[in-house]
Each structure stands twice: as structure tokens, then as C-alpha cells.
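Please look through the following model slowly, with the sequence beside it.

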Amino acid sequence: MTSRSEATDPTPLPHFIDLRSVENDLRTLRGRLRTVAEFIHDPAHDFAARHALAQRLGLPVPTPAPAARQTTEATR
């Protein structure tokens, strides 16, 4: 059982500091994954490049845009 002084000690425990660092790293990686996923599913970029990147990273591959939509986007 812990004493009262140990329970109210405001200094962080070493494993708490490690956990915070890991959570920060995970947040950064999730942000990067979100950026990559946005690129993969953005039809403004080359389909072959997006498809290859998705396959390489093991992410869902983008679907090709319908021909009418590609023509409309190309004329803008």
C-alpha cells in the first residue's frame, strides 16, 4: 500500500513521460497518414502514381474517376 505522500506527489513518473512521448509520436504519424490518404484520393494527381503509392503502403487503392468527370476536370 502506498503512503499518502506518495499518492499526492506531483512529479510525473518515468513511464508516464515515456507514454506521453509515444502518444505524441503516434499523433504525428496519424497526421502524416491522413495527408497521404488525402493525396491518394485526390483526383487532381496522376492516377497511376496514387494507385502505386496506395499499394506500396498497403492502403485502399483509389478508384479511377469516370471518363466524363476526367474530361470535365481536364478542361478546367
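Predicted model: local features only at pLDDT ≥ 70, side-chain atom pairs only at ≥ 80, totals over all residues.

Residues are numbered from 1 along each chain as its sequence is written, and side-chain values use heavy atoms, with hydrogens and water left out.

**The whole chain**

- The chain has four helices and zero strands, where helices (H or I, at least four residues) and strands (E, at least two) are DSSP runs numbered from the N terminus.
- Read along the sequence, these elements give the pattern α-α-α-α.
- Of the 76 residues in the chain, 8% count as buried, a term that stands for under 20% relative accessible area, with exposed meaning over 50% and partly exposed in between (1.4 Å probe, protein chains only).
- The chain exposes about 6700 Å², of which carbon and sulfur atoms supply 59%; such areas come from the Shrake-Rupley method with a 1.4 Å probe, and for residues only the protein chains shown count as cover.
- Among the contacts (heavy atoms within 4.5 Å) in the chain with a separation of 6 or more, 10% are accounted for by residues 24 or more positions apart.

**Phe-39 in helix α2**

- Phe-39 lies in helix α2, which covers residues 14-40, and Phe-39 counts as partly exposed because its relative accessibility is 30%.
- Leaving aside neighbours within four places in sequence, Phe-39 is in contact with His-45, Arg-50 and Leu-53.
- From Phe-39 to Ala-54, 15 residues apart in sequence, the C-alpha to C-alpha distance is 9.7 Å.

**Arg-50 and Phe-47 in helix α3**

- Arg-50 belongs to helix α3, residues 47-57, and has contacts beyond four places in sequence that include Phe-39, Ile-40 and Pro-62.
- Although Arg-50 is buried, it has no salt bridge, and the nearest side chain of opposite charge, Asp-42, is 6.5 Å away; a salt bridge would need a side-chain nitrogen of Lys or Arg within 4 Å of a carboxyl oxygen of Asp or Glu.
- A polar atom of the Arg-50 side chain lies 2.7 Å from the backbone oxygen of Ile-40.
- Phe-47 is also placed in helix α3, and it counts as partly exposed because its relative accessible area is 30%.
- Leaving aside neighbours within four places in sequence, Phe-47 is in contact with Pro-62, Thr-63 and Pro-64.

Terms used. Lys, Arg positive; Asp, Glu negative; His and termini not counted. Polar contact = N/O pair within 3.5 Å; in protein donor to acceptor, adjacent residues only side chain to side chain.
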